[in-house]
Each structure stands twice: as structure tokens, then as C-alpha cells.
Amino acid sequence: MFVIKGSLELYKDPLLDSEKGVGHFFTTRYGGVSGASGELFNVSFGKEKPGESGKVAENIAIAAAAEGIPFERFTAVKQVHGDKIIKVTEEIAGARFGKPELVIEADAMITDIPDTPLLTTHGDCIPVYIYARDRAVAMVHSGWRGTALNISGKTIEALLREYGAEPRELLCAVGPGICGKCFEIDRPVFDILWNEFPYEELFSYDSVKNKYRADLTGMVLRSLVDAGVKPENVSRHAPCTCCEENSGRFFSHRREQGKNEGLMGAAIWLKK
Ligand SMILES: [Zn+2]
């Protein structure tokens, strides 16, 4: 569901939104200060053009004000399509925002510190929100490489190990990302994904184009359930970032052929 907060339109998952102990959002294309128009909401430092330095921080400050969370507490990593998971302690909290000089390479974060949003950036790659009720949260960036590496399952293992929750207590939301109709792949990528997820319902083949298609969100669901999450505790209602009908709302690496002027941000935090 989409909600308006000040100048922002944010996507919120209905399952997580019904929980009092956790906050979350997924940003959309407009409502910020980036781009030639000065209206785009870009969350990616890598997409900041020369002369745009500081715009990502300004955008996050807008989201922070809308949600009533201190800007300095937003914490992000440099995403590298791997499976490294960072435990966000007080020393790391605020990386890239309150502590702009702190740049750590990883693709998932976990924390039990309240009011400390974990922020990942997305332009088709799947955002996975994980909430261990009243204990801890995790935020995962799961592109096809991370999905093949089972980054969501490994993040759950880390969350359980560090904070002692039970898998059946976890609530998860698969946020906006590329759908199974849009994610067209060649044979080498198909082979890697098929090796990890040998389920016919997660793939299709276009014999005219000789291309495969893969359902990444379906694979993420498999990873979560295999890690012990109850299927009914995984919310999968989010729209596709790549489908043409959503082009007014979302940047898409695939649809815009890498020329997208920004990326969306996914954030989750424990509330005090
Ligand atoms: Zn799509």
C-alpha cells in the first residue's frame, strides 16, 4: 500500500505496518531534491551526479523527518551483491549518514538497537524486511546473485544466533522488486539460479527469444521458508519496480537500461 507523508509517497507492507514495534518504508521516485528537475528521490550515493553531492543525505533527511526518526541514526552499507551480513552495533550505527566516513561493504544488516533504521538501496533487486518481534530487525538487498547465495536465509541464521529469536516468531516482507515476467535472463544465469532453486514454477522459457525468466521473489520466499519462517508470516504484496505501469513511481535498472537517475531506499527499524 502507498501512503503519503509530507512531500513523499512511500510504499508500506500491510503485515509490517500492522505491527506496533517496528517501522519501515520503501521510497518512490519523487518527493526529493535530486536530478536535473530537483524533484527526484534518489537514495544511491553511486547515482549522485557531479555537483549533486549531499543530495542523498538531504533526501534521507526528508524521509527521517516524515517518519520522526533522527537522520543521524540511518545506517547503510556499500552493496556489492555478496552475502556478507553486518551486525550493527553502536559503533556502526549511522554509517554513511551520521558517520559519512564509515563505508562498509555488505548486503545485509541486523540490529537490536531501537530507532536505528537499516537502509538498503534498490532499483529492481529485492528488498527483504525481517522482524523478530520486540527483539531485532534485519534488512537484506537480494539481487539475483545474493538470492543464489541464499543471503536471506543466512541473515535469518545471523539474527537467530545473535539475538536468540525462534524462526516461527519471525515476520518477513518481500518489498518492491523485479517480477517474474520482467526478469529476463540468459542461460548462464539460469544455470546458477536453477542449481539453487530447481523448481519449475519459478522459471519460464521464451522459445521465440531463447530467453529464460526467473521469479526472484518466489526464490526469496523459498529461502525464508527453508530458514524456518512460516509461509503465512511472509508478506508478498509488493508491486514490480520494472513493469511499465509502475514507471511513474519507481526507478528500474532493467526498464531504464542502466540510465536510471536514482535508486529507491528500503528501511526497517525497531521502535523504542
Ligand atoms: Zn514486472
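Among contacts in the protein chain between residues at least 6 apart in sequence, 66% link residues that are at least 24 apart. The model under analysis is predicted. Its protein chain contains six helices and 16 strands. The radius of gyration is 17 Å, close to the 19 Å given by the globule rule for 272 residues, so the protein chain is as compact as a globular protein of that length. Taken along the principal axes, the box filled by the C-alpha atoms of the protein chain is roughly 50 × 45 × 30 Å. Buried residues account for 47% of the 272 residues of the protein chain.

An open sheet is formed by three strands in the order β12-β14-β13, with antiparallel pairing. Strands β12 and β13 stand at the edges, and each has a single partner strand, so one side of each lacks a neighbour in the sheet. Strand β12 spans residues 184-185 and is joined by two bridges to strand β14, residues 211-214, the two running antiparallel. In this pairing, E184 stands opposite R213 of β14.

On the other pairing, strand β13 (residues 203-206) is connected to β14 by four bridges, again in antiparallel orientation. The bridge partner of F203 in β14 is A214, while D206 stands opposite K211 of β14. Strands β13 and β14 form a hairpin in which four residues lie between them. Within the turn of this hairpin, N210 has a positive phi of about 55 degrees.

Helix α5, comprising residues 187-196, lies across β12, β13 and β14.

P100 is placed in the loop between β6 (85-87) and β7 (108-111). This residue has 12 C-beta neighbours inside 10 Å and therefore counts as exposed, the cut-off for that class being 12 or fewer. P100 and T75 are 25 residues apart along the chain, and a distance of 9.6 Å separates their C-alpha atoms.

Methods:
Residues are numbered from 1 along each chain as its sequence is written. This is a predicted model: local features need pLDDT of at least 70, side-chain atom pairs count only at pLDDT 80 or more; totals for chains, interfaces and linings use all residues. A residue is buried if 20 or more other C-beta atoms lie within 10 Å of its own, exposed if 12 or fewer, and partly exposed in between; C-beta atoms are placed from the backbone. Two strands pair if DSSP finds at least two bridges between them. The radius of gyration is taken over C-alpha atoms; the globule rule is 2.2 Å times the number of residues to the power 0.38. Two residues are in contact if their C-beta atoms, placed from the backbone, lie within 7 Å. Axes are lines fitted to C-alpha atoms, for helices over the stretch in contact, and angles run from 0 to 180 degrees between N-to-C directions.
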